[in-house]
Amino acid sequence: MTESFPPFDVRLGNGLRVVAEPMPWLATVSLVLLLPVGSANDPEDGIGSAAILSEWLQRGAGERDARGYADALDALGVRRGGGVGRETLSLSAAFLQRDTAAVLPLLADAVRAPLLGDASFEGVRALALQDLDATLDSPAQRAGEALVAAYFESAHGRSAYGERSHLERLTPAAARADAAERIGPAGAVLAIAGGIDVAALPALLESTFGAWRGASRDLPAPLVRAPHERSVPADSAQVQIGMATPAVDLDHPGWYAQQLALAVLDGNMGARLFSEVREKRGLVYSVSAGTRLVRGHAYLVARAGTTPERAAETIAVVAAEIARLRAGVEADELERAAVQLRSSLVMSGEASGARASRLASDVMHLGRARSLGEVDAALAGLGLDDVNAFLAQTPEPRFTSVTLGPVGAAVAS
Amino acid sequence: MSELRIDHAVLADGLQVVGEHNPAAASTAVGVVIETGSRDERPEEHGVSHFLEHLCFKGDERRTGSDVSRAFDALGARYNAYTSEERTVYYGAVLPEAGLALLELFDGMLRPALRPEDIELERQVVLEEIAMYADRPDAQAFERGARAYFDANAFGRGVLGTEASVRALDADRVRGYWDRRYRADNQLVVLTGNYDWGATLRFLERAPRPAAGTVERAQRLAPTARPGRGGARKAGVHRAHVALFAPGVGRGDPRRMAASLLAHTIGDDDNGALFWALVEPGIADSAVLWHDPADGFGSFQAYLGCDAADLDSVLERVDAELERVQREGVTEGAWRQAQRTLATGLTLRGETPMGRLVSVASSLLDRGRVQGVQEVVDEVLRTERSAGEALLAERPFDARYTFVLEPDAAAAA
């Protein structure tokens with residue numbers, strides 16, 4: 001633990017933070033670029049602008065038009081990903097190690113020199129509207145959106161897909177102006193994991209991401225509403241249930257105890273939720289609970305889907321199981337949870353994509369990247385008394401809950 | 001890169017065991033593949049393959065369902081199972097020292113107790129799963145489309161079964177199916193990563209498999225593909241969901257790689273022909289096409305999601321693109337891009353034992369021997385464009401079937 005981690009952690013002259021973890025046995029490299037750009041810091045009259053930008057950035061860059069850009073990446077066999085959320089816009093890529101020097105300049109072009117041309121704007125806007133409408137046919141996703149909207153008072157409650165009227169009004173000029181104000185290197189994180197040569201990175205970065213200029217915009221502080229219930233009518237076979245309550249954050253001393261307790265609650269099929277809700281009562285096919293992070297706030301989200309006549313019982317059982325954590329966990333449960341988390345940790349260290357995502361998210365939320373060893377030691381250092389002492393002092397959970405389904409479906413408190 | 005070793009054995013009762021050993025791997029993945037699925041069900045058994053997969057997690061004579069779940073968790077396993085038209089797969093990954101225990105757990109589970117009370121409870125879970133998919137119009141379009149395209153053949157009937165067919169499954173029916181299909185010579189045990197081959201064989205040779213004997217090799221009749229167009233309207237659906245089917249090639253067919261590459265050039269979600277015709281201009285939120293090889297036959301399948309008002313123009317563009325591809329073929333550039341992108345994807349999946357598991361199993365089952373990642377990558381890069389053009393020369397898309405699930409206009413008004 002005395003070795004400094006990660007082995008590569010620099011802030012470029014333009015403010016971009018770059019962290020890298022070599023996995024020398026791999027022939028592949030995964031890269032994640034996270035920008036503090038999302039619906040939470042969309043302009044007041046341009047909610048959905050981040051969604052537009054996320055797509056527009058990929059429609060040509062540098063000397064290449066949209067097609068030329070996609071072809072150049074594909075010619076190198078680059079697998080792309082990315083998207084936009086409430087607080088982050090992400091671009092990710094995976095490629096063969098030997099192509100690193102050719103791929104990095106292309107990826108940097110997307111943020112450094114995007115075309116953002118008028119010709120591609122209408123297509124991007126139309127697609128953003130399509131994506132927004134497509135959520136109507138995904139009840140689980142709609143319920144998730146509704147839950148976050150109910151939970152947050154601050155702009156974190158906005159949908160990452162934006163608002164229809166805003167998307168319709170947005171002009172190319174306004175979106176470009178927005179890009180100029182927040183597609184910048186300060187506050188952004190570039191994480192790289194895989195078969196990389198760390199010694200070659202500085203020179204490669206300087207000529208690519210190092211040449212990126214641009215401003216950044218702060219994210220708002222999260223603000224949570226008082227707990228309440230909402231029901232959203234939908235013509236569906238199942239009722240989608242979402243429940244949220246505050247949790248301790250990643251930088252809180254209780255974080256690891258909370259992770260262990262949540263693994264007792266919902267680590268796997270032997271955990272309490274699965275056992276009580278599905279195995280013993282057959283109430284659902286899917287039920288889950290876990291922490292979600294925004295900058296400066298963590299919360300617990302539980303989700304389930306069930307047919308209307310079983311919704312009230314499902315909500316009651318899920319709520320009771322979460323509340324019951326305060327009474328403590330048993331030694332055997334905790335041991336299983338610890339084995340679960342620790343072996344998952346080892347396995348996450350085998351895949352470059354999982355590592356790159358974790359590094360990027362750590363820096364975004366914690367300001368620094370944690371090694372697998374650090375997390376493992378923190379989990380291993382906690383015994384039953386520690387976890388139960390943490391749980392005993394947690395406040396009684398008060399949920400903001402959302403149900404989405406047929407009108408008249410039961411909502412229980 | 002470390003030295004990989006391929007292991008393969010056939011035990012006295014016909015059980016096949018295969019492995020790709022990687023001494024440097026940090027984990028071990030274990031799978032049991034039963035060569036059975038919805039395609040092998042009798043009409044009165046519809047849904048039994050998937051139901052039995054669920055019931056195997058409910059315990060054997062020595063263990064309850066909770067015992068099984070807790071045993072998995074105590075090993076720190078990441079595990080699950082799935083059922084398709086042709087295969088039922090139980091799989092998991094653990095740290096190397098727990099590999100043998102994971103195999104023992106799977107082995108025991110596959111002789112389920114099938115207690116009546118477990119059957120009743122788990123039936124509710126499966127009915128919830130059916131209800132969940134009923135709320136997903138994209139899944140519905142495929143389910144209904146496949147039923148029509150494959151012309152009532154068991155292959156197109158759907159894996160989950162219907163509410164009525166699942167309600168009709170009792171212990172005798174499940175037991176009868178298990179007897180017929182879960183025989184040793186119809187199973188493959190697969191291991192990847194860091195495992196102990198000698199100990200594995202010693203255990204499997206000792207483990208009693210009462211279902212030893214020869215599996216009934218029922219003829220898997222190839223479905224009659226029925227070109228044309230079908231559709232349905234459904235209340236609660238907001239957009240048009242299109243499932244498209246066209247004849248492809250089977251799993252064992254030497255042309256399957258060319259078919260995958262061809263599908264990629266047409267339907268890749270970042271840079272395929274359909275993307276540029278439909279998604280880039282924002283006419284559809286999704287337009288993807290892939291090749292699905294099965295036992296004895298195969299199909300190209302595509303999904304499109306769009307605004308119901310744009311359906312006709314979307315279908316016209318799809319027609320035009322498929323016609324253009326059949327007439328003009330694929331450019332050398334697009335073919336090479338598909339090769340490179342597919343090769344990167346294969347290499348990435350090969351990073352982890354879990355990522356290798358199904359590939360190792362299917363290469364043995366479909367092609368008679370285990371192909372390493374590099375060998376498959378070489379095959380991808382060797383597959384020439386002319387092989388794709390040969391498939392196009394048969395004009396597969398002329399024989400396509402298109403199914404559209406649309407909003408119920410009356411209900412919407």
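Two strands pair if DSSP finds at least two bridges between them. Helices (H or I, at least four residues) and strands (E, at least two) are DSSP runs, numbered from the N terminus. With that settled, I will go through the model.

It is a predicted model: local features need pLDDT of at least 70, side-chain atom pairs count only at pLDDT 80 or more, and totals for chains, interfaces and linings use all residues. Residues are numbered from 1 along each chain as its sequence is written, and chains are lettered from A and ligands numbered from 1 in the order in which they are written.

Chain B as a whole, to begin. Its secondary structure comes to 16 helices and eleven strands. The C-alpha atoms of chain B fill a box of roughly 60 × 50 × 35 Å along the principal axes. Of its 413 residues, 53% count as buried; buried means 20 or more other C-beta atoms within 10 Å of a residue's own, exposed means 12 or fewer, partly exposed is in between, and C-beta atoms are placed from the backbone.

Now the sheet. Six strands of chain B form an open sheet with mixed pairing, in the order β1-β2-β6-β3-β5-β4. At the edges stand β1 (5–10) and β4 (78–83) of chain B, each with a single partner strand, so one side of each has no neighbour in the sheet. On average, neighbouring strands are turned by 10° against each other, direction ignored. Angles here run from 0 to 180 degrees between N-to-C directions, and axes are lines fitted to C-alpha atoms, for helices over the stretch in contact.

What does β4(B) pair with? Its partner is β5 (residues 88–94) of chain B, in the antiparallel sense, over six bridges. In that pair B:Y79 stands opposite B:G92.

Next, β3(B). Seven of its seven residues are buried, so β3(B) is largely enclosed by the rest of the structure. From this strand B:T28, B:V30, B:V32 and B:I34 point one way, while B:A29, B:G31 and B:V33 point the other way. β3(B) runs antiparallel to β5(B), joined by seven bridges, with B:A29 opposite B:A93. Seven bridges also join β3(B) to β6(B), again antiparallel, and there B:V32 has B:V189 as its bridge partner.

On to where the chains meet. Residues are in contact if their C-beta atoms, placed from the backbone, lie within 7 Å. The contact takes 60 residues from chain A and 57 residues from chain B. On the chain A side, the largest share, nine residues, comes from α4(A). That side divides into 25 nonpolar, 20 polar and 15 charged residues. Here Ala, Val, Leu, Ile, Met, Phe, Trp, Tyr, Cys and Pro count as nonpolar, Asp, Glu, Lys and Arg as charged, and the others, Gly among them, as polar.

Last, two spots in chain A. In helix α10 (residues 272–279) of chain A, the buried residues include A:L273, A:F274 and A:V277. The buried residues of α10(A) pack against elements of both chains, including α9 (255–266) of chain A and α2 (65–74) of chain B.

A:A175 lies in helix α7 (residues 172–182) of chain A. Why does A:A175 count as buried? Because A:A175 has 22 C-beta neighbours inside 10 Å. Its contacts, not counting residues up to four places away in sequence, include A:S49 and A:W56.
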